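Hello! Please look over the chain below, and then go through my notes point by point.

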Amino acid sequence: MHTHSVKCNKCKNFKRYYIKGVKEFKRTDYGWCGKNMTVIDMREDNRIGCEKFIANTERVLNKRSVYYYLSELLTELSAIREVLQDEDHDEE
């Protein structure tokens with residue numbers, strides 16, 4: 001069997017399992033391989049990869065950009081709330 005120097009967690013076919021925590025979902029060392037149709041344990045030697053590896057090209061947003069966009073949305077919502085409150089005061 002020919003092996004590659006890439007890990008399963010970098011493969012497009014690998015879907016990691018998560019456990020629901022109190023505040024967030026926590027990553028596990030396990031996941032599902034959609035090509036081999038098996039559960040992968042990242043702690044074992046099978047983390048080297050396989051001949052069915054396809055690089056995962058999905059972009060992942062980092063926390064800083066998420067916080068930036070949330071801050072922008074909150075600013076816009078505050079401005080909308082002020083306009084609506086002004087309209088209510090004008091009607092009274």
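**Notes on the chain**

1. Let us begin with Asn 13, which sits in the segment before β1 (14–20). Strands such as this one (E, at least two residues) and helices (H or I, at least four residues) are DSSP runs, numbered from the N terminus. This is a predicted model, in which local features need pLDDT of at least 70 and side-chain atom pairs count only at pLDDT 80 or more, while totals for chains, interfaces and linings use all residues. Residues are numbered from 1 along each chain as its sequence is written, and side-chain values use heavy atoms, leaving out hydrogens and water.

2. Is Asn 13 buried or exposed? Asn 13 counts as buried because its relative accessibility is 14%; buried means under 20% relative accessible area, exposed over 50%, and partly exposed in between (1.4 Å probe, protein chains only). Leaving aside residues up to four places away in sequence, Asn 13 touches Trp 32, Cys 33, Gly 34, Lys 35, Lys 52 and Ile 54. A contact here means heavy atoms within 4.5 Å.

3. Now step back to the whole chain. It has one helix and three strands, and from the N terminus on the order is β-β-β-α. Buried residues make up 16% of its 92 residues. Among contacts between residues at least 6 apart in sequence, 44% join residues at least 24 apart.

4. The accessible surface of the chain is about 8400 Å², with 54% belonging to carbon and sulfur atoms. Such areas come from the Shrake-Rupley method with a 1.4 Å probe, and for residues only the protein chains shown count as cover.

5. Where is Met 37? Met 37 is in the loop between β2 (25–33) and β3 (38–41), and Met 37 counts as exposed because its relative accessibility is 53%. Do check its phi, which is near 55°, a positive value in a residue other than glycine.

6. Finally, look at helix α1 (residues 63–91), where Asp 90 is found. Asp 90 is exposed, as its relative accessible area is 66%.
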